[in-house]
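Here's a model to pick apart, one label at a time. Let's ask what stands behind each word.

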Amino acid sequence: MPNSSLRVRFAPSPTGYLHVGGARTALFNWLLARNQGGKFILRIEDTDLERSSQQMTQIILDSMRWLGMDWDEGPFHQALRVDLHRKNAERLLSEGKAYRCYCTPEQLEEKRKAAEAAKRAWIYDRACLNLTVEEARRRVESEAPSVIRFRVPESGETVFLDLIQGEIRFENRLIEDFVLLRSDGMPTYHLSVVSDDIDMQITHVIRGADHISNTPKQLLLYQALGRPSPEMGHLPLILGPDKKRLSKRHGATSVEHYRDQGILPEALANYLALLGWSPGADQEVMDVADIVTHFDLSRINKANAIFDVAKLEWINAQHMQRIKIEKLSGMVKQALSETGLYDRAFTRDEKSLKAAVELLRSRCKTLRDFTGWGRAFFVDDFSVDPEGKMKYLDDPGIYTILQELADRYEQLPDFSLASTEQALRQLAMECNMKAGTLIGAVRVALTGNPVAPSLFDVIVYLGKQRTIDRLRRAAGVA
RNA sequence: GGCGCUAUCGUCUAACGGUUAGGACGCGGCCCUCUCAAGGCUGAAAUAGGGGUUCGAUCCCCCUUAGCGCUACCA
């Protein structure tokens with residue numbers, strides 16, 4: 001039962017990078033739209049002029065695209081739509097559903113503090129709602145700055161059926177007469193969100209659970225404006241390992257960061273989708289298309305989830321193993337270029353690059369491992385791991401053996417998996433040493449690392465000349 | 001403090017009144033093996049506590065506890 005008239009939106013405020021929490025909110029909206037054949041709308045909530053910036057907007061858009069999301073409408077800039085918001089505020093004012101408030105921030109702060117000191121709950125006391133006609137006239141004439149406050153019903157309840165959380169109810173008398181329009185004439189969050197969601201004909205608002213307590217205010221606004229409210233769904237929050245809300249304190253929170261760490265976009269999307277949502281089957285590693293077809297709001301969890309980097313890395317490793325080799329090679333090439341390790345002469349051609357990637361992929365957790373641990377597969381300039389050196393190249397006798405192996409390899413008419421292995425084992429036997437020991441030594445000589453793919457695969461990949469050179473270099477460095 | 005939401009292995013989660021409470025990450029063991037991964041097999045590990053409802057509660061209700069969120073002329 002796809003609902004092609006469904007319209008959802010993601011509405012970030014460009015005051016920082018795209019946070020993984022925000023990314024997940026965006027993703028769930030996008031998944032819902034794509035699953036239902038509806039529309040996904042992007043709206044930039046930049047009414048906080050001081051904290052918003054064009055650069056941040058750009059970074060957010062880039063991160064979304066990188067994650068594989070596209071949008072059908074927008075990006076709309078909320079700051080450009082304030083006239084519409086103001087009109088709604090004025091309409092409510094003229095209909096008596098809102099009123100002017102002349103209280104200064106200082107006065108309010110004072111009352112708030114007093115209430116706090118007396119351990120009383122504080123919401124705005126409606127001082128300006130109860131102004132006598134005379135007082136009201138005086139205020140208007142004095143041209144003192146004022147805000148427009150929404151007049152919340154003093155009794156009754158605001159109840160809604162949350163798509164994810166179920167029924168949620170709030171007593172109206174505990175809801176404050178919140179500000180719609182600031183004294184500088186700029187709309188506040190509640191006013192602009194509702195105005196824009198109405199104008200953009202949003203049918204489903206899917207957002208973080210931190211907005212649950214904002215919901216009754218917004219629902220009351222829809223009512224006052226005489227418009228049906230959209231369906232509401234509140235996603236559980238993403239927490240850090242200490243169960244606190246995920247923040248910079250936990251280190252990595254931006255999508256950009258994970259991209260820089262060498263996480264694949266499909267892996268991050270996969271992991272984010274699994275945070276709070278579960279596919280019907282036990283299959284957890286999915287590509288985006290799979291997730292789109294299986295996505296279903298009814299399978300979203302209500303409890304907050306802790307962001308687990310270890311599992312993200314595992315999922316990433318899984319994706320690196322399953323992805324088409326052409327695609328992975330392209331990403332590795334990009335990573336090599338970015339770190340200045342892409343040497344066309346060394347890598348020779350696409351086929352050779354693919355061979356190296358194929359050899360390394362099951363041993364890598366992120367793209368970074370290709371340029372770090374896998375360095376010797378792409379350039380000749382690599383260092384030798386001290387521990388590997390100590391373990392395998394400590395005995396001076398090994399150098400003559402490596403030299404000898406290089407000589408024998410040079411004589412080999414065909415340089416293959418079988419022939420190189422046969423020659424090595426033969427030499428080990430003659431030297432009265434275990435093949436495994438020699439293999440270890442050669443591995444360190446060729447890759448600088450005691451941990452690497454199967455040795456003879458490495459030898460064949462490097463080729464005859466490079467293998468011999470590296471063996472002699474290791475022997476010579478002695 | 002007030003209001004709201006939540007509560008299954010350490011973590012992500014499945015089980016939508018009846019299961020030996022399942023899977024995955026991580027951790028341990030074994031197999032494979034030239035190292036390390038990958039892969040296969042396997043082990044330890046959970047229904048927060050207390051009351052109800054019911055023939056029967058992880059599941060429904062209440063209380064407690066804990067965690068989180070909101071509590072601005074920020075979004």
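**Labels and cut-offs**

Helix α3 (residues 82-94) packs against helix α6 (residues 189-199) at an angle of about 105°, and their axes are 9 Å apart. This is a predicted model, where local features need pLDDT of at least 70, side-chain atom pairs count only at pLDDT 80 or more, and totals for chains, interfaces and linings use all residues. Residues are numbered from 1 along each chain as its sequence is written, while chains are lettered from A and ligands numbered from 1 in the order in which they are written.

Q: Why are α3 and α6 called roughly perpendicular to each other?
A: The angle is about 105°, and angles of 65 to 115 degrees count as roughly perpendicular (under 35 is roughly parallel, over 145 roughly antiparallel, the rest oblique). Therefore α3 and α6 get the label roughly perpendicular. Axes here are lines fitted to C-alpha atoms, for helices over the stretch in contact, with angles from 0 to 180 degrees between N-to-C directions. Helices (H or I, at least four residues) and strands (E, at least two) are DSSP runs, numbered from the N terminus.

Q: Which residues make the contact of α3 and α6?
A: From α3 come Leu-84, His-85, Asn-88 and Ala-89, and from α6 come Leu-191, Ser-192, Ser-195 and Asp-199. Being in contact means that C-beta atoms, placed from the backbone, lie within 7 Å. By class that's three nonpolar, four polar and one charged. Nonpolar covers Ala, Val, Leu, Ile, Met, Phe, Trp, Tyr, Cys and Pro; charged covers Asp, Glu, Lys and Arg; the others, Gly among them, are polar.

Q: What makes Leu-191 buried or exposed?
A: Leu-191 lies in helix α6. A residue is buried if 20 or more other C-beta atoms lie within 10 Å of its own, exposed if 12 or fewer, and partly exposed in between, with C-beta atoms placed from the backbone. Leu-191 has 29 C-beta neighbours inside 10 Å, so Leu-191 counts as buried. Leaving out residues up to four places away in sequence, Leu-191 touches His-85, Asn-88, Ala-89, Leu-180 and Leu-181.

Q: How do you know how α17 and α19 are oriented to each other?
A: Helix α17 (residues 397-411) and α19 pack at an angle of about 80°, with axes 11 Å apart. That makes α17 and α19 roughly perpendicular too, therefore. Ile-398, Ile-401, Leu-402 and Leu-405 of α17 meet Leu-438, Ala-441, Val-442 and Ala-445 of α19.

Q: Why is Lys-119 worth a look, given its phi?
A: Most residues other than glycine have a negative phi, and most peptide bonds are trans. Lys-119 has a positive phi, near 55°, without being a glycine. Its place is in the loop between α4 and α5 (133-142). With 6 C-beta neighbours inside 10 Å, Lys-119 counts as exposed.

Q: What is the phi of Lys-243, and what makes Lys-243 buried or exposed?
A: Lys-243 isn't a glycine either, yet its phi is positive, about 70°. Lys-243 sits in the loop between β11 (238-239) and α8 (255-260). Lys-243 counts as exposed because it has 8 C-beta neighbours inside 10 Å.

Q: What kind of peptide bond joins Gly-74 and Pro-75?
A: A cis one, with omega about 5°. Pro-75 is in strand β3 (residues 73-77).

Note on methods: Contact = placed C-beta atoms within 7 Å.
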